[in-house]
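I've got a new chain open on my screen and a notebook beside it. Here is what I looked up, in the order I got to it.

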Amino acid sequence: MTTSAFYLDRLRTLLGDPLDDDHPFSFATAVKADLTGDSLDLQATALVESGFIRQIIPAHWKTGGELVDLEAVLEMARLLAGRNPSLMPRLMYSIGAITVLDLAGTEAQRKILSDWLLAGHSVALAVNEPGIRSDLINNQTKAERQGDWYVINGRKWLVGQAEKARALMVMAKTGAGGPAAFSLFLIDRQPQWESTLPHPRAELSGMRGIDVADVDIDVACVNVANRVGGEGEGIELVFRAESVIKLLSIGAMLGPCESALRLTYGEISKQANGGHPHQHFLLAGAYADYRIMDSVAKAAARFASFRPQHFPVAAAVAKQIAQEFSSRIFTSLMAALGARSVLAQEPVSAILQKLRRDGEVAQYMDINPQVNLGMLANQLPSLTKRRTKLEPGLADALFAQLQAELSPSSPCPAMVLAKVPMLNRAGEPLTDLLPGLAERFAKAASEQDSAVVDALHEAEARFASLEEGMAELLALRQGERPEAVNAGAQFARLYAVSCCALSALAEGGDALLPFMLQRLLAGDRYAFGGEDRFYQAAWHRLAEAMGAGEDVYGDERRHAAV
Ligand SMILES: Cc1cc2nc3c(=O)[nH]c(=O)nc-3n(C[C@H](O)[C@H](O)[C@H](O)COP(=O)(O)OP(=O)(O)OC[C@H]3O[C@@H](n4cnc5c(N)ncnc54)[C@H](O)[C@@H]3O)c2cc1C
């Protein structure tokens, strides 16, 4: 058993039974904490004492950490957020600063950061500023060099851990203009607390009570030894780190969806006749959507180890799919519960409403979801250029290699963040394989399903017309191309088609795949595919999943507790 697998088991035990109302990690405690704005100190202390922090410090730093791959980070974020999404930022926000130091930090910087974290402190990443939108190039915070010191002044917007963080990783302007005018600095707040005062906490619609606020930086002094990376490398480092940070918000959407599915399944299946067939249909669709999110998120986490050069697109797609499909899942679950879903005093509805609001906030904790799509769309022309038609032999090799990399039975090797670029400069393998995927799938699958093969043909045709459409748009207009944002969303779904098909093959088949592909290719939520068998298969798989292994809500006692 790996160290992280061992820790994840310990974490599951610590989190305990979510339906034991008095337990500190129960759903009932989460709902109460949300109402009172409790800052979850009791829970944070228990998690720190269980060794949580060691799991987010890279093992290769040799500073006491045990983090080896991002699959474990995704799983920790999902587990915490599945209980109470507010725990995720409290325990995991420092991953932003950790990633930046993994990319460009000195040994001394990594040591001091590790010592702070292991002593129970956190470190904030303060990049955004009020009023500039996501155009970081317009940031105003300045760092002026005076001998061996920089003096920093400015204001940062919505900083996670603004009150509690021991240190701030701040982006500030060191040059005249353009993307190379910004640098990163690690400001230790302890000796100069007055120079980094937080504003009152931001009132959020979800994750109420979490420590997020603006911070005024007023004559903060940083020794040159605490500049991270070279002068002018700030924006590049932030964008490279952003791909890792996205996994936190993805985990904070996956966890709530999983818990909400389990709770709703528990409720519906104890209704008369085990629920109305349309309730089953809604839950089965939500389960297929969850499996799509899960498949794409896991692939992204694995790419940070297997193919870091392709990680930026993988993370951007996973964020988009998580954002789009988690909203859909909650809509379906609320519809299945009916009027009860809007009763604030109903225990299940109260939890669902909190999880939904928290998941919505999670979408904005890192990069704005539309900006994420815009950046994905901006990469499409260069991906198209690099999309040389693969020789059949090469395509066969890539087909086999990707299955091995996505297979849960292949251990995930160590992450290689130093090789993660800002953008995919070396093409994108999952969509490279779309042409011809239907034939390869048909040959490789043990059970033939014409619906899957037809869906893969459909995806290939849509991919060709998406690339043509992008080429036309580029020829039409230079500069801002707002419509391209929608192309990013379509690209994400087609990427997910390839990812889910290859993951299903890697797992030796998946009865849910036809339904997942149908949902990925459906134009709207009421699309009619003429295939009742899809949802029935999904309903049975959902029932199996809810009854299998880690059965937290299956038995009678727990049905009663809900
Ligand atoms: C709970 C929470 C925690 C946060 N923690 C931190 C933190 O720790 N550190 C930190 O630095 N920041 C943090 N933030 C800020 C967060 O990163 C913001 O999402 C970011 O500042 C962008 O602001 P915005 O979402 O308002 O997007 P804006 O950039 O203002 O975009 C608004 C809209 O404009 C359009 N738009 C703008 N630019 C583009 C584009 N390029 N392409 C396409 N459409 C575009 C889109 O329609 C978009 O939805 C946090 C935010 C929240 C809510």
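This is a predicted model: local features need pLDDT of at least 70, side-chain atom pairs count only at pLDDT 80 or more; totals for chains, interfaces and linings use all residues.

Entry 1: I started with strand β5, which pairs with strand β8 (residues 227–228) in the antiparallel sense, over two bridges. Which residue in β8 is the bridge partner of phenylalanine 185? I found arginine 227 there.

Then I checked strand β4 (residues 167–173). It also runs antiparallel to β5, and I get seven bridges for that pair. One facing pair I noted is alanine 172 with serine 183, the serine being in β5.

Is β5 (residues 182–188) largely enclosed or open? Six of its seven residues are buried, so the rest of the structure largely encloses the strand.

**Entry 2: around the ligand.** Next I went to the ligand and looked at its surroundings. How many residues surround it? I have 22, and the closest are Asn128, Arg133, Ser134, Gly160 and Gly374.

I sorted the shell by class and got 14 nonpolar, six polar and two charged residues. Then I asked which elements they come from. β1 (123–126), β3 (149–160) and α12 (369–386) each supply at least two residues of the shell. The top contributor is β3, which gives four residues.

**Entry 3: helix α9.** Helix α9 covers residues 277–306, which is 30 residues, and at 1.5 Å a residue it should span 44 Å.

Next I asked how covered α9 is. I get 27 of its 30 residues as buried, so I'm writing "mostly covered".

**Entry 4: a stretch from the record.** UniProt, in an unreviewed entry, puts "domain: Acyl-CoA dehydrogenase/oxidase C-terminal" at residues 248–356. I checked what the chain does over residues 248–356: 82% helix and 0% strand. The end C-alpha atoms of that stretch are 16 Å apart.

**Entry 5: zooming out.** I finished with the whole protein chain. It has 20 helices and eight strands. Along its principal axes, the C-alpha trace spans about 70 × 60 × 45 Å.

What radius of gyration would a compact globule of 562 residues have? The rule says near 24 Å, and the protein chain has 23 Å, so the two agree.

Methods: Residues are numbered from 1 along each chain as its sequence is written. The expected span of a helix is 1.5 Å times one less than its number of residues. A residue is buried if 20 or more other C-beta atoms lie within 10 Å of its own, exposed if 12 or fewer, and partly exposed in between; C-beta atoms are placed from the backbone. UniProt positions are given in the numbering used here, feature names are shortened, and annotations may be inferred rather than shown by experiment. A residue is near a molecule or strand if its C-beta atom, placed from the backbone, lies within 6 Å of it. Ala, Val, Leu, Ile, Met, Phe, Trp, Tyr, Cys and Pro count as nonpolar, Asp, Glu, Lys and Arg as charged, and the others, Gly among them, as polar. Two strands pair if DSSP finds at least two bridges between them. The radius of gyration is taken over C-alpha atoms; the globule rule is 2.2 Å times the number of residues to the power 0.38.
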